[in-house]
Amino acid sequence: MKNSEHGFTYPLTLCTLLLFLLFFSMHIEQLLSEHKIAVETKEIHIQEYYFLSSVKKVESLYQTRGTMPAKGTFIYLNGTVDYRPETPSAYIQIVDFTVVLHEREPIVGYGYFDTRSKTMIKWVEVN
């Protein structure tokens with residue numbers, strides 16, 4: 001058998017290059033998906049924070065005034081939260097909160113307030 005490199009270097013280089021590109025593309029895809037998940041997680045945390053701070057503000061307004069405030073809006077850095085109380089039934093006052101971030105669709109949550117103790121007793125997030 002002759003040791004001839006004629007026609008051997010090009011296919012070996014091509015296979016090595018293709019393996020490198022395959023490996024590189026898998027890592028790029030993984031990095032992109034991790035980045036996407038990180039951005040989504042950040043937006044979910046922002047929504048939860050806006051819900052929490054809005055509920056606390058409405059609860060403090062309810063405790064200081066003695067009555068549930070009319071519908072209103074809280075404006076934050078990355079979006080707004082609209083709230084609107086519904087008519088109370090017995091000892092329960094329901095307030096629906098809508099968080100609208102600049103790049104996402106609205107998320108709706110309901111807070112159930114006890115009219116006797118003027119505190120929130122239950123939270124339900126629709127989406």
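Me: Why is F97 called buried?
Reply: F97 has a relative accessible area of 0%. Buried means under 20%, exposed over 50%, and partly exposed in between, with a 1.4 Å probe and protein chains only. Therefore F97 counts as buried.

Reply: A word on the source: this is a predicted model, where local features need pLDDT of at least 70, side-chain atom pairs count only at pLDDT 80 or more, and totals for chains, interfaces and linings use all residues. Residues are numbered from 1 along each chain as its sequence is written, and side-chain values use heavy atoms, leaving out hydrogens and water.

Me: Which residues does F97 touch, beyond those up to four places away in sequence?
Reply: Among them are F51, S54, V81 and W123. Contact means heavy atoms within 4.5 Å. S54 is 43 residues from F97 along the chain, yet their C-alpha atoms are separated by 8.2 Å.

Me: What makes a nonpolar core, and which residues of the largest one touch the most other members?
Reply: A nonpolar core is a set of buried Ala, Val, Leu, Ile, Met, Phe, Trp, Tyr and Cys residues joined through side-chain atoms within 4.5 Å. The largest has 17 residues, and Y50, V58, V81, F97 and F113 touch the most other members. Its largest share, 6 residues, comes from α1.

Me: Why are β2 and β3 said to pair?
Reply: Two strands pair if DSSP finds at least two bridges between them. Here 7 bridges join β2 to β3, so they pair. The two strands run antiparallel.

Key. Helices (H or I, at least four residues) and strands (E, at least two) are DSSP runs, numbered from the N terminus.
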